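Subject: Structure for your review

Dear colleague,

Please find the structure below, followed by a description of what was found in it. I would be grateful if you could read the two side by side.

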Amino acid sequence: MREDQAANGLSALGNRTRLRLFRLLVKAGDAGLNVGDIQARIEVPASTLAHHLATLARSGLVIQERRGREI
């Protein structure tokens with residue numbers, strides 16, 4: 001991992017909600033979780049969750065993929 005990638009990842013995890021989200025996804029493993037399941041577990045509004053997921057994705061810590069109608 002390059003130094004700039006590590007810095008971006010650590011910066012993204014500096015937010016409490018994103019850290020909770022990342023830990024939840026790590027526990028879920030390769031199967032991951034869909035957005036609805038994540039939202040139910042960490043209890044944040046959909047728009048807030050979308051913002052935090054996008055930040056984690058931009059930093060390279062998570063990958064979002066569409067499976068039918070689910071993300």
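A nonpolar core is a set of buried Ala, Val, Leu, Ile, Met, Phe, Trp, Tyr and Cys residues joined through side-chain atoms within 4.5 Å; buried means under 20% relative accessible area, exposed over 50%, and partly exposed in between (1.4 Å probe, protein chains only). The structure is a predicted model, in which local features need pLDDT of at least 70 and side-chain atom pairs count only at pLDDT 80 or more, while totals for chains, interfaces and linings use all residues. Residues are numbered from 1 along each chain as its sequence is written, and side-chain values use heavy atoms, with hydrogens and water left out.

The largest nonpolar core has 13 residues, and Leu21, Leu25, Ile38, Ile42, Leu49 and Leu56 have the most contacts inside it. At least two residues of this core come from each of H2, H3 and helix H4 (46-58). Helices here are DSSP runs (H or I, at least four residues), numbered from the N terminus.

Next come the helix pairs. The axes of helix H2 (residues 16-28) and helix H3 (residues 35-42) come within 11 Å and cross at roughly 120°. Axes are lines fitted to C-alpha atoms, for helices over the stretch in contact, and angles run from 0 to 180 degrees between N-to-C directions. H2 and H3 are therefore oblique to each other; angles under 35 degrees count as roughly parallel, over 145 as roughly antiparallel, 65 to 115 as roughly perpendicular and the rest as oblique. Contact means heavy atoms within 4.5 Å.

The axes of H3 and H4 come within 10 Å and cross at roughly 110°, which makes H3 roughly perpendicular to H4. Val35, Ile38, Gln39 and Ile42 of H3 meet Ala46, Leu49 and Leu53 of H4 in this contact.

Leaving out residues up to four places away in sequence, isoleucine 42 touches Thr17, Arg20, Leu21, Leu24 and Leu49. Threonine 55 lies in helix H4 and counts as buried, at 14% relative accessibility. Glutamate 43 is in the loop between H3 and H4 and is exposed, with a relative accessible area of 71%. Most residues other than glycine have a negative phi. Glutamate 43 has a positive phi of about 55°, although it is not a glycine.

Yours sincerely
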